[in-house]
Every structure is written in structure tokens, then in C-alpha cells.
Amino acid sequence: MKANVGGVDRIVRITAGIVLLALFALDTTRWWGLIGIVLLATGLLSWCPLYLPLGMSTCAREKK
């Protein structure tokens, strides 16, 4: 599993995941608040399975 989620993307995913899970816990959102689990996991692991088939990566490129 090669990292494909970069710095800013990680921060946004982790923040959005925490917010969605908090809203779900407060019973403000319905089941879709559980999407926060996916966002939090992909942010913490720095890897997004959806980026693979799309050929995307938000990681900084290595200098040669």
C-alpha cells in the first residue's frame, strides 16, 4: 500500500471525518454521518482505495 493521500488532503479528511462522526454521535445526521469513518481511516492511513483506479495521488512528488 503506497501512500497516495498528501498533507492538506489528510488534514481535510481527518477533520471532516471527526466532524461527521461527532454530528452522527449527536444524532444530528442520519446514517450518512458514518461516512466519517471512511474519511478518518483514509486520512490516518494516507491511502485512498478510490485513488487507485483513477490514477490519482495528492502526495508530493519526489525530486530526482
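Helices here are DSSP runs of H or I with at least four residues, and strands are runs of E with at least two, both numbered from the N terminus. The model is a predicted one, so to speak of a local feature takes pLDDT of at least 70, side-chain atom pairs count only at pLDDT 80 or more, and totals for chains, interfaces and linings use all residues. Residues are numbered from 1 along each chain as its sequence is written, and side-chain values use heavy atoms, with hydrogens and water left out.

Confidence first. The protein has a mean pLDDT (the predictor's confidence in each residue, from 0 to 100) of 92, and 95% of its residues reach 70 or more. Helix H2 (residues 35–45) comes out highest, at 96, while helix H3 (residues 51–54) is lowest, at a mean of 93.

As for the overall build, there are three helices and zero strands, which read α-α-α from the N terminus on. The protein is more spread out than a compact globule, because its radius of gyration is 13 Å, well over the 11 Å that the globule rule gives for 64 residues. That radius is taken over C-alpha atoms, and the rule is 2.2 Å times the number of residues to the power 0.38. Along the principal axes, the C-alpha atoms fill a box of roughly 50 × 20 × 15 Å.

The accessible surface comes to about 5000 Å², with 69% of it belonging to carbon and sulfur atoms; areas come from the Shrake-Rupley method with a 1.4 Å probe, and for residues only the protein chains shown count as cover. Of the 64 residues, 25% are buried, where buried means under 20% relative accessible area, exposed over 50%, and partly exposed in between. Contacts (heavy atoms within 4.5 Å) reach well along the chain: among those between residues at least 6 apart in sequence, 60% join residues at least 24 apart.

On to H2, whose buried residues are Gly36, Thr42 and Gly43. They line one face of the helix, because seen down the axis of H2 they fall within an arc of 135 degrees, the arc being that of the directions from the helix axis to the C-beta atoms. H1 is among what covers these buried residues. The face turned away from the buried side of H2 carries Val38, Leu44 and Leu45, which are exposed.

H1 (residues 7–25) holds aspartate 9, and this residue counts as buried because its relative accessibility is 16%. Leaving aside residues up to four places away in sequence, aspartate 9 touches Tyr51 and Thr58. Side chains of opposite charge can pair when their charged atoms come close. The structure holds one salt bridge, meaning a side-chain nitrogen of Lys or Arg within 4 Å of a carboxyl oxygen of Asp or Glu. The partners are arginine 13 and aspartate 9, with the closest N and O atoms 3.0 Å apart. Both sit in helix H1, four residues apart, or about one turn of the helix. Arginine 13 is buried, as is aspartate 9.

Finally, the loops show two positive phi values. Aspartate 27, in the loop between H1 and H2, has a phi near 60 degrees, a positive value in a residue other than glycine. This aspartate 27 is exposed, with a relative accessible area of 66%. Serine 46 lies in the loop between H2 and H3, just after H2. Although serine 46 is not a glycine, its phi is positive, at about 60 degrees. Serine 46 counts as buried, at 12% relative accessibility.

Definitions and conventions
Buried < 20%, exposed > 50% of the residue type's maximum accessible area, 1.4 Å probe, protein only.
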